[in-house]
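Good morning, and thank you for coming. I would ask you to look at the sequence and the structure together while I speak.

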Amino acid sequence: MTHKAAPFDELDRKIIAALIDNGRASFAEIGGAVGLSATAVKRRVDRLRENDVITGFSATVRPSALGWLTEAYVEVYCDSAAPPRRLAEVVRNHPEIAAAMTVTGGADALLHVRANDVEHFEEVLERIRAEPFIRKTISYMVLSHLLPDSPEAGARGPLDQGGADIVQK
């Protein structure tokens with residue numbers, strides 16, 4: 001899936017950075033920080049949303065507070081007849097899968113799995129492996145997060161082609 005970058009300026013970048021830092025900041029607070037009125041900030045945020053630059057707002061939750069104490073990444077290897085849309089249907093049926101993507105390399109997909117404990121993770125893995133088109137899986141248990149302040153330990157994204165990063169908190 002390819003998206004063409006929407007045009008935006010330095011003020012838009014500052015507004016986006018402010019929202020990433022605090023998604024609950026008011027337009028007036030953001031305006032004070034970037035030198036615009038609340039109305040001007042709202043117009044820009046509305047435009048950024050319409051252009052799919054800002055795709056939503058969410059809360060960052062500590063997974064362990066919800067009982068997800070075990071975390072792993074799982075490489076999934078499929079039979080050649082399994083299209084990505086079929087794998088997408090399967091992963092949607094597992095609430096323990098926090099993220100899933102197709103990847104290059106030997107594996108067909110990479111799953112980010114959260115579970116209550118190792119026994120629960122094993123049950124999830126057995127359910128995934130039960131799919132007829134899944135040939136094998138390789139799992140990597142997470143020991144620690146190297147970027148602990150990010151929502152998924154590494155949820156950073158380049159804002160433009162120049163590589164400017166905005167760190168999500």
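Predicted model: local features only at pLDDT ≥ 70, side-chain atom pairs only at ≥ 80, totals over all residues.

**A sheet, its helices and a helical group**

Strand E1, residues 70-78, and strand E3, residues 109-115, run antiparallel and are joined by 7 bridges.

In what order do the strands of the open sheet lie? The order is E2-E3-E1-E4, which makes 4 strands with antiparallel pairing. At the edges are E2, residues 97-102, and E4, residues 134-141, each of which pairs on one side only. From one strand to the next, the twist averages 20°.

Which helix packs on this sheet and touches E1, E2, E3 and E4? Helix H4, residues 84-92, does so, and its direction makes about 175° with that of E2. Helix H5, residues 118-129, lies across E1, E2, E3 and E4 as well, running at about 160° to E4. As for E3, this strand is mostly covered, with 6 of its 7 residues buried.

Helix H2 spans residues 27-34, and its buried residues are Ile30, Gly31 and Val34. Why do these residues line one face of the helix? Seen down the axis of H2, they fall within an arc of 100°, so they line one face. The face turned away from that buried side carries the exposed residues Ala28, Glu29, Gly32 and Ala33. What covers the buried residues of H2 includes helix H1, residues 10-21, and helix H3, residues 38-50. After H2 comes glycine 35, whose phi is positive, near 85°.

H1 and H3 also meet each other. Two packed helices are described by the angle between their axes and the distance between the axes. For H1 and H3, the angle is about 85° and the axes are 11 Å apart. The two helices are therefore roughly perpendicular to each other. At their meeting place, Leu11, Asp12, Ile15, Ile16 and Leu19 in H1 meet Val41, Arg44, Val45, Arg47 and Leu48 in H3.

Most residues other than glycine have a negative phi. Aspartate 52 has a positive phi, near 60°. Where is aspartate 52 found? It is in the loop between H3 and E1. Is aspartate 52 buried or exposed? With a relative accessibility of 55%, aspartate 52 counts as exposed, because the cut-off for that class is over 50%.

Let me finish with the chain as a whole. Its secondary structure comes to 5 helices and 6 strands. Along the sequence, the pattern reads α-α-α-β-α-β-β-α-β-β-β. The chain has 169 residues, of which 30% count as buried. Among contacts between residues at least 6 apart in sequence, 62% join residues at least 24 apart. The accessible surface comes to about 11100 Å², and 51% of that surface belongs to carbon and sulfur atoms.

Definitions and conventions: Residues numbered from 1 in each chain as written. Heavy atoms only, no water. Pairing = 2+ DSSP bridges. Axes fitted to C-alpha atoms, helices over the stretch in contact; angles between N-to-C directions. Contact = heavy atoms within 4.5 Å. Buried < 20%, exposed > 50% of the residue type's maximum accessible area, 1.4 Å probe, protein only. Arc of directions from axis to C-beta. Areas by Shrake-Rupley, 256 points an atom, 1.4 Å probe, with all protein chains shown as cover. Parallel < 35°, antiparallel > 145°, perpendicular 65-115°, else oblique.
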